[in-house]
Amino acid sequence: MDLATDTAKPHDRLSEALSDDLRAVNAMIRERMASEHAPRIPEVTAHLVEAGGKRLRPMLTLAAARLCGYDGPHHVHLAATVEFIHTATLLHDDVVDDSKQRRGRPTANLLWDNTSSVLVGDYLFARSFQLMVETGSLRVLDILANASATIAEGEVLQLTASRNLDTTEDTYLRVVRGKTAALFSAATEVGGIIAGASESRVAALRAYGDALGIAFQIVDDLLDYGGTAAIGKSVGDDFREGKLTLPVIRAVAQADETERAFWTRCIGRGRIDEGDLAQAQALLTKHGTLESTRQTALDWAGRARRSLRDLPDHELREMLEDLADYVVERIS
């Protein structure tokens with residue numbers, strides 16, 4: 001692929017630019033997800049890891065390290081760590097949400113069982129900490145350990161906010177920062193740290209990952225109401241699970257008495273009838289909350305781009321900037 005080709009998607013251009021590093025990451029993932037005594041571990045892990053994911057989070061770590069001039073081996077360990085943490089959270093999330101589809105394929109909990117998904121997720125978390133330790137950096141360990149705790153905290157916060165129509169935009173942002181942006185932010189930050197980058201550059205990378213992760217999750221939440229089955233999950237999952245995402249929070253805030261009763265029945269009480277998803281989509285359109293949420297995602301993507309302004313002038317920086325735009329283009 002010609003890296004100068006404007007038509008290539010940013011994540012594809014990043015993948016090509018980092019192809020050697022990604023091969024090393026994939027080899028390490030295959031090596032470390034192996035288990036001599038429990039063959040179900042690599043079976044379950046491979047089902048998700050090799051399901052066509054874009055490796056976006058590990059690419060952020062690799063790109064940040066290379067952008068800051070790193071020439072050692074440990075960015076590969078950290079990229080594999082990030083992918084293991086991400087995969088573990090997906091395995092656990094699918095159990096919590098009783099999901100049936102992930103990346104266009106049946107979920108691991110559906111093909112095997114909930115117990116296998118939870119235990120294999122635990123195994124991957126343990127493997128991720130082994131990889132962190134091998135870098136010899138206590139600061140890296142601190143950042144990724146904190147990110148792991150923050151992810152779990154965000155998921156629990158989302159659980160407690162579920163079906164609560166009084167959920168605010170501030171609470172929603174805390175959920176998003178926890179369950180999604182924390183790992184994006186940590187992925188870019190540790191890439192800069194392992195490269196010995198200045199504190200200002202490490203802070204810039206951390207801010208980029210935070211803003212990119214927030215934009216990414218807002219778009220994901222929008223696609224639940226405006227996407228198609230091609231997004232790799234069932235459209236309307238969040239609605240059926242009673243999740244208060246940004247477009248719904250804004251629509252509830254503008255609802256009249258009849259609309260409030262609708263949201264209370266569907267989201268608050270979980271009583272969903274045929275045609276209710278279409279009605280919810282109509283209300284989001286009526287109040288303009290799909291468009292306002294899209295604009296919020298664009299604003300966060302803009303913050304991500306601006307965070308990189310003082311980093312070295314490099315093709316990888318340009319790709320990271322373009323990636324921020326592409327994340328939101330999925331809903332354009």
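**Notebook: a pocket and some salt bridges**

Helix 5 (74–97) and helix 8 (138–161) each supply at least two residues of its lining. I noted that this is a predicted model.

Which helix gives the largest share of the lining of the second largest pocket? Helix 8 does, with seven residues.

Next I looked up the volume. The second largest pocket comes to about 350 Å³. It is lined by 16 residues, and Asp93, Val96, Asp97, Glu155 and Val156 are the closest to its centre. I then sorted the lining by residue type. Six residues are nonpolar, five are polar and five are charged.

**Salt bridges**

Side chains of opposite charge can pair when their charged atoms come close.

How many salt bridges does a search of the whole structure find? It finds 23. I picked out a few of them.

**Entry: Asp20 and Arg23**

I checked this pair in helix 2. Asp20 and Arg23 form a salt bridge, and their closest N and O atoms are 2.3 Å apart. Helix 2 covers residues 19–32, and the two residues sit three apart in it, so about one helical turn separates them. Are Asp20 and Arg23 buried or exposed? I found both of them exposed.

**Entry: Glu134 and Arg32**

I stayed with helix 2 and moved to Arg32. Arg32 forms a salt bridge with Glu134, with 2.9 Å between the closest N and O atoms. Glu134 belongs to helix 7 (residues 114–134) and Arg32 to helix 2, so this pair ties together parts that are 102 residues apart in sequence.

I looked up the exposure of each partner. Glu134 has a relative accessible area of 36%, so I wrote it down as partly exposed. Arg32 has 15% relative accessibility and therefore counts as buried, because buried means under 20%.

**Entry: Asp237 and Arg240**

I turned to helix 11, which runs over residues 237–241. Asp237 and Arg240 both lie there, three residues apart, about one turn of the helix. Their side chains meet in a salt bridge at 3.2 Å, N to O.

Here too I noted the exposure of both partners. Asp237 is buried, at a relative accessible area of 16%. Arg240 is partly exposed, at 39% relative accessibility.

Definitions and conventions. Residues numbered from 1 in each chain as written. Predicted model: local features only at pLDDT ≥ 70, side-chain atom pairs only at ≥ 80, totals over all residues. Heavy atoms only, no water. 1 Å grid on protein atoms, 1.4 Å probe; cavity = no way out; pocket = protein on both sides within 12 Å on 5 of 7 lines; lining within 4 Å. Points joined across faces, edges and corners; volume = space filled by probe spheres on them. Helix = DSSP H or I, 4+ residues; strand = E, 2+ residues; numbered from the N terminus. Nonpolar A, V, L, I, M, F, W, Y, C, P; charged D, E, K, R; others polar. Salt bridge = Lys/Arg side-chain N within 4 Å of Asp/Glu carboxyl O. Buried < 20%, exposed > 50% of the residue type's maximum accessible area, 1.4 Å probe, protein only.
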